[in-house]
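Welcome! Here is a short briefing to read alongside the sequence and the 3D view.

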Amino acid sequence: MPEFQTSPGMRDVLAPESTRWRRFVQVFADVVEAAGYEQIIPPLLEDIGVFSRVGEATDVVSKEMYDFVDKGERHVALRPEQTASVCRAFVQHRPTLPWKAWYTGPNFRYEKPQRGRYRQFDQVGIEVLGVTDPGLDVEIIALGWRFFAALGLRQVTLRINSLGEPADRQRFTDALRDHFTTHLDELSPESRVTLERNPLRVLDSKRPEDAPVISAAPRIDDFYSDTAATHFEAVRSGLTSLGIPFVRDEKLVRGLDYYRFTTFEYAGGTLDSAQNALGGGGRYDGLVEDLGGPSTPGIGFALGLDRTLLACDDEGVFGAPARRLDAFVVDTTGGEQAIVVTDTLRRAGLSADRAYEGRSMKSQMKAADRSGAEVAIIIGPDELASESVVLRDLRGGADQVTVSRHDLVDRVRTIASTRSKDHS
Ligand code: HAM
């Protein structure tokens, strides 16, 4: 056992998985940038106040935050999510509205690690500030849906709900508190604790003993104002127009306190149910104000990169790419030629690698085979003398030809472009 290893819930991501991560983010960027979103890169660390406004009553903030006092006596926290950071950035910089931003990067929550749940996990997400139009809710939910489709995922379920306007949500919360308090004896000890902090979250309980009390609880539908009911109806009708299937889930309350109106979640078909939320989001009209800005509507979602890739594995889609190189240079004349030829190829926009330490021809050829290159470029004393190289096909068979150094770049380029067409 090495003396140092990653902390629990934290992982190294090595190739080819790291290449897959980068592609994942690229596919996401392509989908959302085509819809007018621009990237924001907020810092990993913020004043703790930015996150405590997200909701003191949530586990994410009250139990799971990595916070500490820095050398300047500032109480700071590693971000547990990025919606609050985006709103803080809006208040700080006041970009023109509507502001459509996307982001990616790690977040930190001190949770109990297990498959699909880590202490450092990555998300991709979007947020829009300054728009109340339910058409935007539809756009946002659809972009997440289209992104999963672009990855090739088929078993995704979309669940949607509305928590109504703040006053509706408040009246509903009060009614739930009354109901659950009346039936306190029938609730699990865990739900009794949850009830004290946030009656809405009791609806989330999956414990069988809570089920009868929950199913007899007041229903959010009876608390909507006209505005909230109309908004929700417009969202449902928009999704139907786009042919995006969804399930209405009136118990979908989400784990953060800032939500108003629309909430939604994408669930994967194959992960354990506790970890099957691939992503989620909703409206948070009010959060910008809580962070000291003007009253500004907001909506967005975040998708868990780690969990979505697990779902891809389970469905056998969006696999890790095989290693690919155009050429691998084998030089048995001392290594100087390898330096020059790899540099020439790379400057011509081709990918090339080589062996080091002046190893034997046999061991360099082994390295060439392992490299994933299309061709080996072999330079021995004869080739050095005649200013040529031997090109050996590493994929199709053992064909080899001698070509002049002068023609090398063109020959490799031709092979590389024919092959990349074959791969696509
Ligand atoms: P969230 O539901 O807390 O929402 O997280 C979104 C997604 O991040 C989850 O569905 C899950 O895939 C992933 N995730 C969360 N915690 C972990 C973990 N410990 N390990 C692995 N993956 C995890 C938010 O973060 C909100 N900021 C979403 C949002 C954006 N709402 C409005 N705008």
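Buried means under 20% relative accessible area, exposed means over 50%, and partly exposed lies in between (1.4 Å probe, protein chains only). This is a predicted model, in which local features need pLDDT of at least 70 and side-chain atom pairs count only at pLDDT 80 or more, while totals for chains, interfaces and linings use all residues. Residues are numbered from 1 along each chain as its sequence is written, and side-chain values use heavy atoms, leaving out hydrogens and water.

**Surface**
- Leucine 45 has a relative accessible area of 35%, so it is partly exposed.
- Leucine 45 belongs to strand E2 (residues 45-47); strands (E, at least two residues) and helices (H or I, at least four) are DSSP runs, numbered from the N terminus.

**Nonpolar cores**
- A nonpolar core is a set of buried Ala, Val, Leu, Ile, Met, Phe, Trp, Tyr and Cys residues joined through side-chain atoms within 4.5 Å.
- The largest one has 88 residues, and Phe180 and Tyr266 touch the most other members.
- Helix H5 (residues 134-151) gives this core its largest share, ten residues.
- A second, separate core holds 17 residues, including Ala327 and Ile377.

**Sheet**
- Eight strands form an open sheet with mixed pairing, in the order E1-E5-E6-E11-E10-E9-E7-E8; two strands pair if DSSP finds at least two bridges between them.
- Strand E1 (38-39) and strand E8 (247-248) are the edge strands, each pairing on one side only.
- Strands E9 (residues 260-268) and E10 (residues 277-283) are joined by six bridges in the antiparallel sense.
- Arginine 260 sits opposite arginine 283 in E10.
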